[in-house]
Amino acid sequence: MSTGASPVVVYANSGKVLRVYDFDTKTGALEVKQTLPELKSYVQYVAVAPSRKYLYASCSEAPPPKDRPPIHAIYAFSIDGRTGALTQVGEPYTPPARAINVSVDNTGSYLFMAHNATETVSVVKLKADGSLGEAVKQPDEKEKLGFLVHQIRIDPSNKWVFVPVRGDDAKEKTESKKAEPEKFGHLNIFAFNDGALTKHKVIDYPTLLGPRHIDFHPSKPWIYVSAERGNRILTYKHENGELTELFNSTTLQDPSLKFGAQRAVAIHVHPNGKWVYVANRNVAPNQPVGPPADKIVPSGENDVAVFSIDGATGEPKLVQNIDTHGYEARTMTIDPTGHFLVVANQKEVPKKDGDKIIKVEPNLSVFRIGDDGKLTYVRTYDQPGDEIWWAGAVALP
């Protein structure tokens, strides 16, 4: 049972299934309280309204089926204020393309969607009952923002929207594929007004550096960016839609590891503003494996990088890298009390354990956050059956 004045629940998916977990804010224990019926397709990302009364789940078939168009859907759910249970509100909305990332503006009036395949973004009006309304016509809605659009976030002032674009490394020619030049990374900045996004500025990233996710400091004008390509955390000062780069730091214990297999992913600033956390993942274990058995041993880093934030300058200083107890941490969440961090390890991975080959299941790994911001492993909850793409902790209203 969750303790404290405001109970906390954790929402997490497993493939097409979305679950509700009661979260004990003293021990970090998770207990399944609700399992929704399978959604139309696989959960990509989830957003919770600022009121904490509504939850929005983006679902898509990715990769798409070969014999028909893929199914894309955005579901709206109401959140029970006592238990956290979810009840569908209205019919699912059909987005123009796969929405790999969704978020809600600070008034709870609009849902933002980032479409990676079409390299675009879109906005939907939210109704008073939390259901999904009509798409908002955008000034440049068909403009290509670059490969690979990966997130859409609005700043605390509700005036500026940020869209990181990861880019991709150059591809060498093979027997089946042509050589491809590098696709460079960008950070797009839009002015936001009454649902409309107006292009304000684009920050271009140098070769082999591409942003994936951002987060905002709770009280200072600092923005922290995880660069998936390059395995970096970049710190900016934000002033009225203008960014000034302050710091550029590695997220890795071993900075010699390169993009390809090694990637930086999710980023979260602690609610107290003293620490910032970045997940590192290595995709090498997910490649086809075979004899000899030692080829199965994962390499690289699957960990959470912990940074202390200098209160005067905003500089993040790496103080810890701790194993995620799983593979390919795709998302993570800090519980609203600030005492725990939960990592969603996406993949099932075979690994060598002595003379045996064992499976590491997709899982939720719980860590306690210390007074110094460092993490201590608590336990792992296996989620066999399908991949975990999203997890989020919510204090009930």
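I began with Arg379, which lies over the face of Tyr381 at 3.8 Å from the ring centre; I count a charge as over a ring if NZ of Lys or CZ of Arg is within 6 Å of the ring centre and within 35 degrees of the ring normal. I noted for the record that this is a predicted model, in which local features need pLDDT of at least 70 and side-chain atom pairs count only at pLDDT 80 or more, while totals for chains, interfaces and linings use all residues. Residues are numbered from 1 along each chain as its sequence is written, and side-chain values use heavy atoms, with hydrogens and water left out.

**Aromatic pairs**

I looked up ring pairs next (Phe, Tyr and the six-membered ring of Trp, centres within 6.5 Å; planes under 30 degrees apart stacked, over 60 edge-to-face, the rest tilted), and the count came to seven. Phe23 and Phe340 form an edge-to-face pair, 5.6 Å centre to centre with 80 degrees between the planes. Phe23 lies in strand E2 (residues 17-23) and Phe340 in strand E25 (residues 340-347), so this pair ties together parts 317 residues apart in sequence; strands (E, at least two residues) are DSSP runs numbered from the N terminus. Both Phe23 and Phe340 are buried, that is, under 20% relative accessible area with a 1.4 Å probe on protein chains only.

Tyr45 and Trp390 also pair edge-to-face, at 6.3 Å centre to centre and 70 degrees between the planes. I placed Tyr45 in strand E4 and Trp390 in the loop between strand E29 (375-382) and E30, 345 residues apart. Tyr45 has a relative accessible area of 14%, and Trp390 has one of 7%.

**Cavities**

I then searched the whole structure and found two cavities of 30 Å³ or more. On a 1 Å grid over the protein atoms alone, a cavity is a set of points where a 1.4 Å probe fits but cannot get out, and lining residues have an atom within 4 Å of a point; points are joined across faces, edges and corners, and volume is the space filled by probe spheres set on them. The largest cavity holds about 100 Å³, and strand E15 (residues 196-204) gives the most to its lining, with three residues.

Terms used
On a 1 Å grid over the protein atoms alone, a cavity is a set of points where a 1.4 Å probe fits but cannot get out, and a pocket is an open set with protein on both sides within 12 Å along at least five of seven lines; lining residues have an atom within 4 Å of a point. Helices (H or I, at least four residues) and strands (E, at least two) are DSSP runs, numbered from the N terminus. Buried means under 20% relative accessible area, exposed over 50%, partly exposed in between (1.4 Å probe, protein chains only).
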